[in-house]
Amino acid sequence: MTADRVLEGLDGIRSEVEDFYRDLHAHPELGLAETRTSARVAEQLRDWGYRVTDGIGGTGVVGVLERGDGPTVLLRADMDALPVKEATGLSYASTVTTTDRSGNEVPVMHACGHDVHVSCMLGFARLMAEAEDAWQGTLVVLFQPSEENGDGAEAMLSDGLTDRIPRPDVAFAQHVLPYPAGYVGVRPGAFLSAADSLRVTLYGRGAHGSKPQAAVDPVVLAAMCVVRLQTIVSRELAPTTAAVLTVGSITAGSSPNVIPESAVIELNVRSYDDATRERVLDAIRRCVRAESEASGAPKEPTVEKLSEFPPTRNDADVAKRLDEAFRAHFGDRAGTAELQTASEDFSEIPGALGVPFCYWAIGGVDPDRYAEAKRKGTVDQDIPVNHSAAFAPVIQPTLDTGVSALVVAALAWLDVRDA
Ligand code: ZN
Ligand code: ZN
């Protein structure tokens, strides 16, 4: 198989990929501030013969490698870290602090494994450049900023990304998740949820705490809204339709004997398809308006969108072809990934390009540790998840698997040449 030929080069670059990973892990950068990371990425790609465009959407980098006629494949890695204080105890743990967008001093950690994604993508880019005669077509390797804030893909698109790269036939991305290291999982159709965060401001009429007859109490109104909103998923959606609605913040008043003028609730919605998403968002607006009216509120509530991520729905045909390629290469280490409640902005890029895509999972947990937790039924308690201060993917076989998955996926689309 051609993938095996390309991956013969892995032994020769493994220690460099691992060194790069440890260095990147120790030097995490927040979204849209990935200057060191993107400079190192661009430098390496240039060394290997890629045509590099950097500074797209701030810190985004794209490398293009053309090898004659054939399909064009885009592969994306996200580069940003999180404001989390690392507590892994690793020798290469981050001690970095920085100033965030709001001006606060925060710790920084690669707590979501984007350092794994960048390192694997570079390993892949190098192997593909070195395996000159193994394939034909065009590779587009894309390093995206600020996935965690949900604005990195958008930043690259607003900066003219679609006109600055060859149009791909297919787009791929991968994410390290709390599965056993060595595992690769694909899922056709819905894989990651859409996420919408909203701020609802409810208006009442303030008064002395002893005179409710002179007031419209926004605290009671907010409480009614919180309860009423819980009926949207439980009473308006089919039992088989997955969605989550969480009110994560409620703020009103500052004194026990004053009825305040307004109350603010902030909530987060997860859904897996556009119809469900619209239905839930419409129902939220309907419920808060109707509860306000029921309270006799002096004016309608305002609903602001704080952030939004699209659903990640893998193309069924692309996922099937990938699944077959992964099973052929990885054997019983390849499987079907579970539906995730996390969210991603990757799909905005293939969406804007109008091309099908597939996003898959790779494992990062020591397989023995995972098996032990599974045996005890304590996977949820014992295995640190993404965004945890203890999130620490094992270096191998995680990196080898991430590099290999990218090679197998790309070669499942590019024209391959026999030895
Ligand atoms: Zn994350
Ligand atoms: Zn992530």
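A contact here means heavy atoms within 4.5 Å. On that basis, residues 24 or more positions apart account for 83% of the contacts in the chain with a separation of 6 or more. The model is predicted: local features need pLDDT of at least 70, side-chain atom pairs count only at pLDDT 80 or more, and totals for chains, interfaces and linings use all residues. Residues are numbered from 1 along each chain as its sequence is written, chains are lettered from A and ligands numbered from 1 in the order in which they are written, and side-chain values use heavy atoms, with hydrogens and water left out.

The chain has 13 helices and 19 strands, taken as DSSP runs numbered from the N terminus (helices H or I, at least four residues; strands E, at least two). Its C-alpha trace spans about 85 × 50 × 45 Å along the principal axes. For 419 residues, a compact globule would have a radius of gyration near 22 Å, and the 24 Å of the chain agrees with this; the radius is taken over C-alpha atoms, and the globule rule is 2.2 Å times the number of residues to the power 0.38. Of the 419 residues, 52% count as buried, where buried means under 20% relative accessible area, exposed over 50% and partly exposed in between (1.4 Å probe, protein chains only).

Donors are N, O and S atoms within 2.8 Å of the metal (3.2 Å for Na, K and Ca); water is not among the atoms, so sites may look incomplete. C112 is buried, at 8% relative accessible area, while H387 is partly exposed at 39%.

The zinc ion (ligand 2) is coordinated by C112 (SG), H114 (NE2) and H175 (NE2), lying 2.1 to 2.4 Å from it. H114 in helix α4 and H175 in strand β7 (residues 170-180) are 61 residues apart and also link distant parts of the chain. Both histidines, H114 and H175, are buried. C112 bridges the two zinc ions, ligand 1 and ligand 2, which lie 3.0 Å apart.
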